[in-house]
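Dear colleague,

I am handing over the structure below, and I would be glad if you could look through it with the notes that follow. They are meant for someone who has not worked with it before.

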Amino acid sequence: MEQTQEKKKDKGGRPPKAVRKEIRTGVRFTKAEYFIVKEKAIKAGLRYTGYIRQMALFGGVIARLNDEERAYIKQLIGMANNINQVSKQAHKEGMLNAMLLFESYRSQIDNLLNWLRRDK
């Protein structure tokens with residue numbers, strides 16, 4: 001006799017999460033408090049619930065970059081790339097002093113980019 005093996009049918013859909021948020025809790029606000037918290041969440045670029053969770057767990061929320069800060073970062077990245085190309089050219093031509101100068105500028109720009117990244 002042949003043995004039949006039962007195959008589990010794949011249900012499809014989203015796979016289960018590794019860590020589930022199982023516990024729910026409620027927070028009561030006045031209308032004024034609710035709108036203040038909601039406005040702060042919008043400024044931080046988060047949803048209302050995510051903002052409250054971050055504030056409860058870590059005591060602070062780091063806001064996302066605004067358009068002006070993003071524009072500065074793009075300019076700084078372009079400057080860093082240009083200085084890097086100039087330093088490579090100066091190195092090929094044997095201009096060691098120029099290369100050292102441009103490397104110091106590049107490191108200063110990298111430090112500024114790291115500060116703006118907010119990975120402190």
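Before the details, please keep in mind that this is a predicted model.

I would begin with Arg14, which has its place in the segment before helix H1, the helix that covers 31-44. With a relative accessibility of 68%, Arg14 counts as exposed, because the cut-off for that word is over 50%. Arg14 also belongs to a positive surface patch, which it forms together with Lys17, Lys21 and Arg53.

The aromatic residues come next, and here the structure holds two aromatic pairs. One of them is formed by Tyr34 and Phe35, whose rings are edge-to-face, with 5.3 Å from centre to centre and 70° between the planes. As for the accessibility of these two residues, Tyr34 is partly exposed at a relative accessible area of 28%, whereas Phe35, at 52%, counts as exposed.

Finally, I would point you to Tyr51, which is found in helix H2, made up of residues 48-58. The relative accessible area of Tyr51 is 10%, and Tyr51 is therefore buried, since that word applies under 20%. If you wish to follow Tyr51 to another part of the chain, Val37 is 14 residues apart from it in sequence, and the C-alpha atoms of the two are separated by 8.3 Å.

With kind regards

Methods. Residues are numbered from 1 along each chain as its sequence is written. This is a predicted model: local features need pLDDT of at least 70, side-chain atom pairs count only at pLDDT 80 or more; totals for chains, interfaces and linings use all residues. Side-chain values use heavy atoms; hydrogens and water are left out. Helices (H or I, at least four residues) and strands (E, at least two) are DSSP runs, numbered from the N terminus. Buried means under 20% relative accessible area, exposed over 50%, partly exposed in between (1.4 Å probe, protein chains only). Patches are made of residues with over 30% relative accessible area and no salt bridge: like charges are joined within 9 Å, nonpolar side chains (Val, Leu, Ile, Met, Phe, Trp, Tyr) within 5 Å. Accessible areas come from the Shrake-Rupley method with a 1.4 Å probe; for residues, only the protein chains shown count as cover. A salt bridge is a side-chain nitrogen of Lys or Arg within 4 Å of a carboxyl oxygen of Asp or Glu. Lys and Arg count as positive and Asp and Glu as negative; His and the chain ends are not counted. The place of a charge is taken as NZ of Lys, CZ of Arg, CG of Asp or CD of Glu. Rings of Phe, Tyr and Trp (its six-membered ring) pair if their centres lie within 6.5 Å; planes under 30 degrees apart count as stacked, over 60 as edge-to-face and the rest as tilted.
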